[in-house]
Amino acid sequence: MRRALLLASALTLSAPAAWGAEQASQNPSATAADSWALPDLVITAQRREQNLQKTPVAVSALGGEQLAQQQIAQVENLGRAVPSLFIKQVTASPSALAIALRGAQDLTGGIVTSESPVGLYIDDVYQSRLSAANFGLADIERIEVLRGPQGTLYGRNSMTGAVKFVTRQPDGKTWLTAEGAVGSYKKEQVKVTGGAPISDHWAGAFSAMYGSQGGWQKHSVTGERIGDSYNWGVHGALGLINGGPWEVKLSGTYESTGSDGQHFTPVDNAGKVLNGGGYGAYFSPVHGDGDNTRGSVSAHVGYDFGAFKVKSITAYNTLDDDWTLDFTGGALLFNPTQPVAGFLRSSSATSQQFTQEFQALGGTDRLNWIVGAFYFHEDAKQSLRDTFGPGIFGATAFQLLPTSMWVDSKSYALYGQGDYKLTDDLTITAGLRYGKDDKHFDGVIQNGFAFPLTLASVSRDQKANAATPKVSVQYQVSDDVMLYGVVSRGYRSGSFNGLMIANPTLFGAPYQPEYNWSYEAGAKAEFWDRRGKLNLAAYTQKISDLQESALRNGSNITENAAKATISGVELEFAVTPTRNLNLFANLAYTDAKYDELGPNTSAAQAGATELPLISKWQGQLGASWKVEPAAFDGWALTLAADYAFRSRWFSEATNGAIGLISGNGQANTSLTLTSPDAHWSVGVEGKNVTNENYYNSCAVFIAGVANWCQAVDPAKWSLRVRYKY
């Protein structure tokens, strides 16, 4: 870890000046037209097209080639490539995620009451459920990760950032990409994307994917392989071309994922695997499952009046999510050859989401502006069935009465933002969003453990509103250097507690909205005739009514735990020192502390001093090198590698010893052979190539009864063939 940090410092601090000086001395007349200059990347972080280096927002942008070389095939892979971003699977199924950015976090992605502090958007459509957020990336043109509050321009809950997935649009051009892969643990994958004109005024785009992966874990008693999974999906889009002032795009997506669930490893209070098991051990007779289907349709319609444009974005999303999990990982209580289940929870959830957004935007040489209105409605339901296995609270299994909940959520917002150039080099930005949330919760839960068992009904309402302003200043020092400063406010809506065990008092108990004042200064620089880029951001966030979740005897309680200050520095660097060599790095330093911690909260009662899911250091180093040997007759070899690391963190809010995850890192690499016309390529890819074994989260599930840890995947290799037209 120390060597990695030293290397990151050397790359990011020493190299730019040295390489820039060397290039200037060797070729003072070099221009940006040199073929190995870094490409300009156009993003839409401020809801209009801008050059990444001219946008006064901390943004990490990854294009298609970067996603492929870094093997970012699912949303969870983004965590290693973006400063201050933490993403991992949660306890529901492989499709559900926990996410944290700049300190704000959500650990309950498998429950319909959860609210993420980081907004997820596909083609500017908000995605409300983290339980289906780990979707596959088949036709993604680029990903933009916006760090810092984005409440002015983005729909809901973008309190500390937003992740934007931009798919390739039907544009009248003809393209086709097809690829297939096979690999370790019975991996199979096929992806096809394409687009073509349909008529003089319409074009289409289509993508389809299928993948399956065998499990790497083995059942500790039977020796059976566990952890199999699959996913498949289709996406289609129809777009208007040559439509004059009209802009129309219609799209639809359907994706299905399935698995035999998560498989937790049972550990003692010191984190040692129970029953003599090794890394990733699993003893439960129940494999579980994790299955969901996600569907969406959307319509983007716009009209250009000349002086300004108007847009409408209408979308409808559906989700069916089912999972079953033994939270204890099983036990050998009575017979070493007959494992028993500990605590089983099965869930069945549905969600229907409708969003409508209207925008009007325009600009002159000095002023760019946008105003809009946003509406969100979600109807979500979930049923839980819990069973205590034999040996937990008795010699036989004990099933609780079902828990059911229904959450109806509505959001309304008006927003506006304007950028005004005071001079050719100095721009000020001011924006404001006013939003209102209206939620209703209904549910039933077992009323304690007294016999005869009965159900208790709970009904709650919650209303909140918030104004989230933003003010920024941007100064273009030179053609290659831009400085900016931002003051902004973020907001995450409140919700209700749903993961309870026979506790009607806490079931449905509301927790209030969370607020974040952020102060940020940054610089974006290009050097060495645009062969290098260096972006820096330093920030301080003041979060109030901090939402934190903690396990308490099997129930997961979310509380407004604290006031906290989170400060950090983020750095991103890329350079092409020679024509076919690309180097990149990112580094984040985060200092987080409680200013006030509620004395009755789970964290305070456990003596916690650190916020969960925060590593003081996080970073990535990488490179790609393309060689074209004369003997290869025009074929080229590209070697790509990256190493991502983070220092220790606590996986839960109580800071228990079992939840302290040691610092770790993973290396990925690939070797790709590409044809002279660039149509064909074949490559070997490796993830976690040094086969690092560690757990990415551990928790005390029921104090003195059951603890669990979640193991990361071992080394995996694959062979990929791709055709691109």
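A salt bridge is a side-chain nitrogen of Lys or Arg within 4 Å of a carboxyl oxygen of Asp or Glu. The model is predicted, and the structure holds 30 salt bridges.

**Salt bridges**

- The pair of Arg648 and Glu610 links distant parts of the chain, 38 residues apart. Arg648 sits in the loop between β37 (636-646) and β38 (649-650), and Glu610 in the loop between α3 (602-605) and β36 (617-627).
- Arg648 counts as partly exposed, at 37% relative accessibility, and Glu610 is likewise partly exposed, at 27%.
- Asp419 forms a salt bridge with Arg48, and their closest N and O atoms are 2.3 Å apart. Asp419 lies in strand β26 (residues 403-421) and Arg48 in the loop between β1 (42-43) and β2 (50-51), so this pair ties together parts that are 371 residues apart in sequence.
- Asp419 is buried because its relative accessibility is 7%, under the 20% limit. Arg48, with a relative accessible area of 24%, is partly exposed.
- Lys716 forms a salt bridge with Asp713, with 3.0 Å between the closest N and O atoms. Lys716 is buried, at a relative accessible area of 17%, whereas Asp713 is partly exposed, at 36% relative accessibility.

**Nonpolar cores**

- In soluble globular proteins, nonpolar side chains tend to be buried together.
- The largest nonpolar core has 23 residues. Those that touch the most other members are Leu78, Leu85, Ile87, Ile99, Ile143, Val163 and Phe165.
- Two or more residues of this core come from each of the elements β4 (85-89), β5 (97-101), β7 (118-122), β9 (140-147) and β10 (161-167).
- Leu78 touches Leu62, Ile72, Leu85, Ile87, Ile143, Val163 and Phe165, leaving aside residues up to four places away in sequence.
- Another core, of 19 residues, lies apart from the largest one; among its residues are Phe86, Val90, Val273 and Ile658.

**Gln359**

- Gln359 belongs to strand β23 (residues 343-363). This residue is buried, with a relative accessible area of 5%.
- Not counting residues up to four places away in sequence, the contacts of Gln359 are Arg47, Lys309, Val310, Lys311, Ile313, Ile370, Val371, Gly372 and Tyr415.

**Ile43**

- Ile43 is placed in strand β1. With a relative accessibility of 0%, Ile43 counts as buried.
- When residues up to four places away in sequence are left out, Ile43 touches Arg48, Glu49, Gln50, Leu52, Thr55, Val59, Ala61, Arg142 and Glu144. Among these contacts is Arg48, the salt-bridge partner of Asp419.
- Ile43 and Ser478 are separated by 435 residues in sequence and by 21 Å in space, C-alpha to C-alpha.

Key
Residues are numbered from 1 along each chain as its sequence is written. This is a predicted model: local features need pLDDT of at least 70, side-chain atom pairs count only at pLDDT 80 or more; totals for chains, interfaces and linings use all residues. Side-chain values use heavy atoms; hydrogens and water are left out. Helices (H or I, at least four residues) and strands (E, at least two) are DSSP runs, numbered from the N terminus. Buried means under 20% relative accessible area, exposed over 50%, partly exposed in between (1.4 Å probe, protein chains only). A nonpolar core is a set of buried Ala, Val, Leu, Ile, Met, Phe, Trp, Tyr and Cys residues joined through side-chain atoms within 4.5 Å. Contact means heavy atoms within 4.5 Å.
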